[in-house]
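Here are my notes on the model, as numbered points. Please keep the structure open while you read.

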Amino acid sequence: MLKLQFVDRRQPAFWLVDPRLTIGRDKTNNLVINDEGVSVFHAELQQEDGKLFLRDTGSVNGTFLNGQPVSKRTEIKVGDIIRLHLVELQIIDPTKAPPEPPPQAIKRDMPKPPPLWQVKAMTGVISGRMFPIEGTNVIGRDPHCEIVVGGAHVSRRHAEFSVRAGQLWVKDLGSSNGSWVNGKKHDEVALQNGDEVKFDAMVFKVVGPVETAAHSDFEEEAERTQFRPVVNVPAPKPVPKNPSPAPASGHHAPQHSPAPAPKPAPVSSSVSESASVPSAGDAKNGMGIMVIVVLIIIAMLAVYALT
């Protein structure tokens, strides 16, 4: 025995016991679905000779089988998806493993990624409400705008939000009081996460991917930090000291300021002055004295020998 199961599990599965099953919003139907898009008498299932058939009974929003509209009595099988406006039901056989859903059902069951950019109303009766921005969204007092706001000083078509190449922009549409971003008036400007956009007294906060700002900061830092090749600079050549020329007779040589003499290194106080090493001049003087003494002794000996 087959079952009719809600894809979103909003109601318990329904056993297909009777040869005829009516579906709709009216309480007299076998399967009652309280959904505004479902007609009072929307569709019916019929079992004949072991086969199951689906028929639309004059619904307003139509009946679909695996994504295709049902215009006449159509046979259905286990695993097929029946859609009544936005309500989806699947034919299942509890005695068998669940069949693979049709490609259309797989696509619908996949979660839709959240929008990259949104604006959050911060003032007015719509305060706290989030508005996803995909493509172009016009904001103003006109009821045909995607974002309808009140306020006597907001133009009927005041401005528009648009996403271009992944970046959110706001453009003023010639409003009377202009469009302001972070306290500055702009005709058109790119927006970043956290920006405050103001139309008269209506304030919106931009909610977007933070990676955009981080990427921009990284590029700015990369521009500031650049690697440059290291150039070897040769050391400066020493300037030779020119000796002072000897002054010519009768002429005065130009006076040059003598270079300051280098300060001698401090001598340790532990070294005694008496222990200093004698210079070459002191040694020469001592040798001359010894020679004189020796000659005097030789002369005295010679005189003694003669007497």
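1. Two arginines sit over rings. The charged end of arginine 73 lies over the ring of phenylalanine 53, 4.0 Å from its centre. Arginine 83 places its charged end over the ring of phenylalanine 64, 4.2 Å from the centre. A charge counts as over a ring if NZ of Lys or CZ of Arg is within 6 Å of the ring centre and within 35 degrees of the ring normal.

2. A word on the source. This is a predicted model: local features need pLDDT of at least 70, side-chain atom pairs count only at pLDDT 80 or more, and totals for chains, interfaces and linings use all residues. Residues are numbered from 1 along each chain as its sequence is written, and side-chain values use heavy atoms, with hydrogens and water left out.

3. Next, strand β1 (residues 3-6). Strands are DSSP runs (E, at least two residues), numbered from the N terminus. Both faces of β1 are covered. Lys3 and Gln5 are buried on one side, Leu4 and Phe6 on the other. Buried means under 20% relative accessible area (1.4 Å probe, protein chains only).

4. Which strands does β1 join by four bridges, and which by two? Four bridges link β1 to strand β11 (residues 87-92), and the two run antiparallel. Within β11, isoleucine 91 is the bridge partner of leucine 4. Two bridges link β1 to strand β2 (residues 14-15), again antiparallel. There, lysine 3 stands opposite tryptophan 15. Strands pair if DSSP finds at least two bridges between them.

5. Strand β6 (residues 51-56) runs antiparallel to β9, over three bridges. Leucine 52 has isoleucine 76 as its bridge partner in β9.

6. Strand β14 (residues 136-140) pairs with β16 in the antiparallel sense, over four bridges. Threonine 136 stands opposite serine 162 in β16.

7. On to the aromatic pairs: the structure holds three. The rings of phenylalanine 131 and phenylalanine 204 have centres 6.3 Å apart and planes at 65 degrees, so this pair is edge-to-face. The cut-offs: ring centres within 6.5 Å make a pair, and planes over 60 degrees apart count as edge-to-face. Phenylalanine 131 lies in strand β13 (residues 130-133) and phenylalanine 204 in strand β22 (residues 202-207), so the pair ties together parts 73 residues apart in sequence. Both phenylalanine 131 and phenylalanine 204 are buried. Ring pairs link Phe131, Phe161, Phe199 and Phe204 into a cluster.

8. Which residues touch the most other members of the largest nonpolar core? In this core of 22 residues they are Ile147, Phe161, Val170, Leu191 and Phe204. The elements giving two or more residues to this core are β12 (117-121), β13, β16 (159-164), β17 (167-172), β21 (196-199) and β22. Apart from it lies another core, of 20 residues, including Phe6, Leu31, Val87 and Leu89. A nonpolar core is a set of buried Ala, Val, Leu, Ile, Met, Phe, Trp, Tyr and Cys residues joined through side-chain atoms within 4.5 Å.

Definitions and conventions. Buried < 20%, exposed > 50% of the residue type's maximum accessible area, 1.4 Å probe, protein only. Phe/Tyr/Trp six-rings, centres within 6.5 Å; stacked < 30°, edge-to-face > 60°.
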